[in-house]
Amino acid sequence: MRIAPLLAGLLLVGCGEDPRVADVLALEGDAVAGEALYAGNCVVCHAADGSGASGPAIDHEHSQERCVTAMLNGPFSMPSFADLEDQELADLLAHLIELGIAAP
């Protein structure tokens with residue numbers, strides 16, 4: 001049964017243990033720069049508005065912490081974007097806020 005990987009993924013997204021999460025949340029993001037990052041890294045799977053393309057739709061109104069944790073850890077089949085700089089992650093988060101995916 002595939003319940004164990006699913007639960008592990010849910011715990012990973014919800015735990016926020018990565019110390020980088022707080023570092024990213026402390027930065028002011030640039031939504032325009034984040035839109036470019038989203039276009040280059042996320043659109044192919046999630047579509048421009050987050051409604052889903054080759055990957056799943058992104059539910060709206062996630063906490064900012066949960067969004068950053070997901071970007072860093074790549075839950076389920078999503079790749080990790082931990083190789084991005086903290087400022088790039090903050091920029092991407094700012095764009096997700098504009099899309100309504102991350103809570104303001």
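Let's start where helix 3 (residues 31-41) packs against helix 6 (residues 86-99): their axes lie 7 Å apart and meet at an angle of about 95 degrees. That makes helix 3 roughly perpendicular to helix 6, a label covering angles of 65 to 115 degrees. Axes here are lines fitted to C-alpha atoms over the stretch in contact, with angles running from 0 to 180 degrees between N-to-C directions, and helices are DSSP runs of H or I with at least four residues, numbered from the N terminus.

Keep in mind that this is a predicted model, in which local features need pLDDT of at least 70, side-chain atom pairs count only at pLDDT 80 or more, and totals for chains, interfaces and linings use all residues. Residues are numbered from 1 along each chain as its sequence is written, and side-chain values use heavy atoms, leaving out hydrogens and water.

Now for the cysteines. A search of the whole structure turns up zero disulfides, a disulfide being a pair of cysteine sulfur atoms within 2.5 Å. For Cys-42, the closest cysteine sulfur is that of Cys-45, 8.4 Å away and too far for a bond. Cys-42 is buried, with a relative accessible area of 10%, whereas Cys-45 is partly exposed at 30%. Buried means under 20%, exposed over 50%, and partly exposed in between, using a 1.4 Å probe and protein chains only.

Finally, look at His-46, which sits in helix 4 (residues 43-46). His-46 is buried too, with a relative accessible area of 12%. Leaving aside residues up to four places away in sequence, His-46 touches Tyr-38, Ser-51, Gly-52, Ala-53, Pro-56, Ile-58 and Met-78, where contact means heavy atoms within 4.5 Å.

Conventions. Helix = DSSP H or I, 4+ residues; strand = E, 2+ residues; numbered from the N terminus. Parallel < 35°, antiparallel > 145°, perpendicular 65-115°, else oblique.
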